[in-house]
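This report looks at aromatic side chains and backbone angles in the structure shown below.

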Amino acid sequence: MAKIAVTKLKYVRLSKGETIEHMTEILEVSRNQYVKWEEGTSTTPKIKKEFLGEYFNINHKKLFTKFWIERELIEELEKKQQMK
């Protein structure tokens, strides 16, 4: 099985059943900006990191680390999200 690198932010969001749209709404940021945070290609402001940590009940520093996960697991979580 193929593995891909994702940020814990993306994994946690999908695991909790949150949509990108909802996250951008509560964070008051654009979809493009939020996706860049999930991809780890843009720096997230500290205040937003802290908010996300509290929101997901996880250390905010851990949310932005990348880890390797089975591509199929991420795809499965994304499919569940699309069915809502």
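Tyr11 is partly exposed, with a relative accessible area of 29%; by the cut-offs used here, buried means under 20% relative accessible area, exposed over 50% and partly exposed in between, computed with a 1.4 Å probe on protein chains only. The model is predicted, so local features need pLDDT of at least 70 and side-chain atom pairs pLDDT 80 or more, whereas totals for chains, interfaces and linings use all residues. Residues are numbered from 1 along each chain as its sequence is written, and side-chain values use heavy atoms, without hydrogens and water.

Four aromatic pairs are found in the whole structure, where rings of Phe, Tyr and Trp (its six-membered ring) pair if their centres lie within 6.5 Å, planes under 30 degrees apart being stacked, over 60 edge-to-face and the rest tilted. Two of these pairs are listed here.

| Pair | Centre distance | Plane angle | Class |
|---|---|---|---|
| Tyr11 and Phe67 | 5.7 Å | 90° | edge-to-face |
| Tyr55 and Phe56 | 5.1 Å | 85° | edge-to-face |

Because Tyr11 lies in helix 1 (residues 8-15) and Phe67 in strand 2 (residues 66-70), their pair ties together parts 56 residues apart in sequence; helices (H or I, at least four residues) and strands (E, at least two) are DSSP runs numbered from the N terminus. Phe67 is partly exposed at 22% relative accessibility. Tyr55 is partly exposed at 32%, while Phe56 is buried at 5%, and ring pairs link Phe51, Tyr55 and Phe56 into a cluster.

Glu28, in the loop between helix 2 (20-27) and helix 3 (31-39), has a positive phi of about 55° although it is not a glycine.
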